[in-house]
Amino acid sequence: MKKLKKGYFITFEGADGCGKTTQSRLVQKYIEDCGYDVIWTREPGSAGLGQKIRELLLHYDGDVAPMCEAFLFLADRAQHIEHLIKPAVAQGKIVVCDRHTDSTIAYQGYGRGEDINQLKYLNNLATGDIKPDLTFVFDVSTDVAQKRVGSEKDRMEAAGVEFHKKVRDGYLEIAKNDPTRVKIVNADNNIEKVFEDTKTILDNFLNQ
Ligand code: TYD
């Protein structure tokens with residue numbers, strides 16, 4: 001196993017249907033094949049209590065107040081950081097995480113219209129001193145995303161095309177404001193091309 005001077009925390013972001021779960025799995029395999037110690041995880045619902053929060057967030061069929069939704073994602077995140085991400089990074093592992101803080105800014109902030117500065121503050125409370133070292137935003141057009149998601153939608157995916165547009169624009173804004181950490185990948189392309197673009201960015205990051 002190759003030893004790193006420090007662990008890395010890499011997040012995968014984008015609107016529903018962008019294909020980031022496929023890409024994060026490919027990256028996990030690629031990093032493993034390069035000889036590094038890697039963990040794949042996701043939000044919401046990494047393990048244990050997080051699974052229960054995920055169930056509520058994605059499948060509860062009553063009304064959910066936007067700030068209630070935000071706090072549930074944040075509660076899951078606080079648990080995830082403390083129990084999994086922080087210890088793994090401290091042990092020198094690479095943590096590949098499917099969604100994290102930027103999802104809250106894009107979905108609850110830009111998508112649902114909650115105050116973005118407040119959400120940033122709450123994200124900081126939930127994560128403490130841990131921030132992603134690198135973030136991929138998989139940018140997908142609404143048409144391609146709708147086709148990929150299909151007709152079986154969870155509560156968030158059922159939010160509609162307008163919502164998707166706001167989330168997408170939100171991600172582009174996040175990337176514009178933090179270009180060193182956040183890299184955009186065109187996710188309208190096929191899996192192989194998207195992975196190739198992702199790998200170029202990742203190789204640059206790991207070799208820097
Ligand atoms: P999931 O099934 O994991 O979808 P995906 O494969 O697209 O990641 O569902 C996660 C949903 O939760 C997704 O629609 C985005 C949403 N979400 C938020 O709205 N805020 C958040 O902070 C997070 C982590 C996810």
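This is a predicted model: local features need pLDDT of at least 70, side-chain atom pairs count only at pLDDT 80 or more; totals for chains, interfaces and linings use all residues.
Strands of a sheet pair through backbone hydrogen bonds, either parallel or antiparallel. Here five strands form an open sheet, and the pairing is parallel. Read across the sheet, the order is β2-β3-β1-β4-β5. The edge strands are β2, residues 38–42, and β5, residues 182–186. Each of these edge strands pairs on one side only. The sheet also twists, by an average of 20° from one strand to the next.

Now look at one pair of strands within that sheet. Strand β1 covers residues 8–13, and strand β3 covers residues 94–98. They pair in the parallel sense, over five bridges. To find the pairing on screen, pick Phe9 and look across to β3. Opposite Phe9 stands Val95.

Next come the helices. Two packed helices are described by the angle between their axes and the distance between the axes. Take α3 and α4 to begin with. Helix α3 spans residues 66–90. Its axis comes within 11 Å of the axis of α4, and the two cross at roughly 175°. Angles over 145 degrees count as roughly antiparallel, so α3 and α4 are roughly antiparallel to each other. Which residues of α3 and α4 meet? From α3 come Glu69, Ala70, Phe73 and Arg77. From α4 come Thr101, Thr104 and Gln108. By class, this contact has two nonpolar, three polar and two charged residues.

Helix α4 also packs against α7. The axes of α4 and α7 come within 8 Å and cross at roughly 130°. That angle makes α4 oblique to α7. The crossing is right-handed. On the α4 side, the contact uses Asp102, Ser103, Ile105, Ala106, Tyr107, Tyr110 and Gly111. On the α7 side, these meet Phe163, Lys166, Val167, Gly170, Tyr171, Glu173 and Ile174. By class, there are eight nonpolar, three polar and three charged residues in the contact of α4 with α7.

Helix α7 has another partner, α6. Helix α6 runs over residues 142–149, and α7 over residues 161–177. Their axes come within 10 Å and cross at roughly 120°. That makes α6 oblique to α7. This crossing is right-handed. Thr142, Ala145 and Gln146 of α6 make the contact with Val161, His164, Lys165 and Arg168 of α7. Sorted by class, the contact of α6 with α7 has two nonpolar, three polar and two charged residues.

Finally, visit the loops. Most residues other than glycine have a negative phi, and most peptide bonds are trans. One is Arg99, in the loop between β3 and α4. Arg99 is not a glycine, yet its phi is positive, at about 75°. The other is Pro44, in the loop between β2 and α2. A cis peptide bond joins Glu43 and Pro44, with omega about -5°.

Which residue forms a salt bridge with Arg99? The partner is Asp16, and the closest N and O atoms are 3.9 Å apart. Asp16 sits in the loop between β1 and α1. Arg99 and Asp16 are 83 residues apart, and the pair links distant parts of the chain. In the whole structure, a search finds 13 salt bridges.

Conventions:
Residues are numbered from 1 along each chain as its sequence is written. Side-chain values use heavy atoms; hydrogens and water are left out. Axes are lines fitted to C-alpha atoms, for helices over the stretch in contact, and angles run from 0 to 180 degrees between N-to-C directions. Helices (H or I, at least four residues) and strands (E, at least two) are DSSP runs, numbered from the N terminus. Angles under 35 degrees count as roughly parallel, over 145 as roughly antiparallel, 65 to 115 as roughly perpendicular and the rest as oblique. A crossing is left-handed if the near helix is turned anticlockwise from the far one by less than a right angle, and right-handed if clockwise. Contact means heavy atoms within 4.5 Å. Ala, Val, Leu, Ile, Met, Phe, Trp, Tyr, Cys and Pro count as nonpolar, Asp, Glu, Lys and Arg as charged, and the others, Gly among them, as polar. Two strands pair if DSSP finds at least two bridges between them. A salt bridge is a side-chain nitrogen of Lys or Arg within 4 Å of a carboxyl oxygen of Asp or Glu.
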